[in-house]
Amino acid sequence: MSNSLITEVAADVLSGASPEAPEGALWPTLVELGWPQVGIPEERGGAGGTLGDLAELIAATAASGVSVPLLETSLAQWILGEQLPAGLVVAATGLDNVPWARHADHVVVCPERESAYLVEPNGDVEHGQNLAGEPRDTIRASGATTPLPDAPPHDAVLARAAVLNASALLGAARGAYARTREHVTQREQFGRPLVALKAVANGLAEMSTHLVATEAAVARAVRIHEEDSAERAFAASAAAKITAARTATSIARAAHQLHGAMGVTREHSLHHVTRKLWAWRDEYGSERRWSAELGRAALATGETGLWEQFTA
């Protein structure tokens, strides 16, 4: 299935979804359609397709403004393959700030410098949330834990999570841009649309430039994940995450500036995407952390190797 067709299908599924709907209202439909299994070979319990297909689904969902655990469940499915237990299973890098833990039957934990394991929260969860109001909980005590000796290494999990997080940021940025473009072209001041003002047009053009840069970085990272080595995939993930995080900051700020007072109200739909941009940019590693990772990768590769990576 081509990415354009994926985008059309996603738009059709998400067209009636409301960001204000109760948590999980859309989720059963996405599970029935097999979205969390996209990008995983059928022989490993997936639905087939590519990582690029999954990235497009995550981006489309983020652009709509709805909150669902698509990234976290698809990551868990990729880690576990056919061993996936019944119920809602999400992936996390620790027992703090676990996405959707209060709703999960199992959590795949892939901590740094430790072996991965499967844990049952059993309801002993301290509720928390990110800036977007999405569940980010702490598992205080757990039931049975199951070691996962065949799980991918932590760096591989983190690299894939970073690409999917960058895709989510890209989608939310697209949503903010679309809402802003609609606002400045329809709202008039002194008898002409706001976009006719040079400062407004320049601001909209700058938002578009950030989107194009992020689309290119995410597309490159997806391609390298599918075709190249783990080392190059990790570096490409770092570049995509850094670019997407910077875009999130710039586009959220510009979107609210161009909306003026309207954009800061709770009733306006803009906050459904801008709050996600602020929240997600620091998840699965901050921009600072990934910049350090990219710097270490560049030092290890050397001048010649770095040039080949950028120009290959």
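**View 1. The second largest cavity of this predicted model has a volume of about 30 Å³.** Sorted by class, the lining of the second largest cavity has 9 nonpolar residues, 1 polar residue and no charged ones.

**View 2. The largest cavity has a volume of about 190 Å³.** Its lining is made up of 17 residues. If you are looking for the centre of this cavity, Val68, Leu71, Glu72, Ala168 and Trp280 are the lining residues that lie nearest to it. Two or more lining residues come from each of helix H3 (51-64), helix H4 (70-80) and helix H5 (154-186). By class, the lining of the largest cavity comprises 10 nonpolar, 3 polar and 4 charged residues. For an overview, the model has 2 cavities of 30 Å³ or more.

**View 3. Phe234 and Trp290 form a tilted aromatic pair.** The structure holds 1 aromatic pair, so please meet it here through the two values that describe such a pair: the distance of the centres and the angle of the planes. For Phe234 and Trp290, these are 5.2 Å centre to centre and 45° between the planes. Phe234 belongs to helix H7 (residues 230-259) and Trp290 to helix H9 (residues 287-311), so the pair ties together parts that are 56 residues apart in sequence. Both Phe234 and Trp290 are buried.

Methods:
Residues numbered from 1 in each chain as written. Predicted model: local features only at pLDDT ≥ 70, side-chain atom pairs only at ≥ 80, totals over all residues. Heavy atoms only, no water. 1 Å grid on protein atoms, 1.4 Å probe; cavity = no way out; pocket = protein on both sides within 12 Å on 5 of 7 lines; lining within 4 Å. Points joined across faces, edges and corners; volume = space filled by probe spheres on them. Helix = DSSP H or I, 4+ residues; strand = E, 2+ residues; numbered from the N terminus. Nonpolar A, V, L, I, M, F, W, Y, C, P; charged D, E, K, R; others polar. Phe/Tyr/Trp six-rings, centres within 6.5 Å; stacked < 30°, edge-to-face > 60°. Buried < 20%, exposed > 50% of the residue type's maximum accessible area, 1.4 Å probe, protein only.
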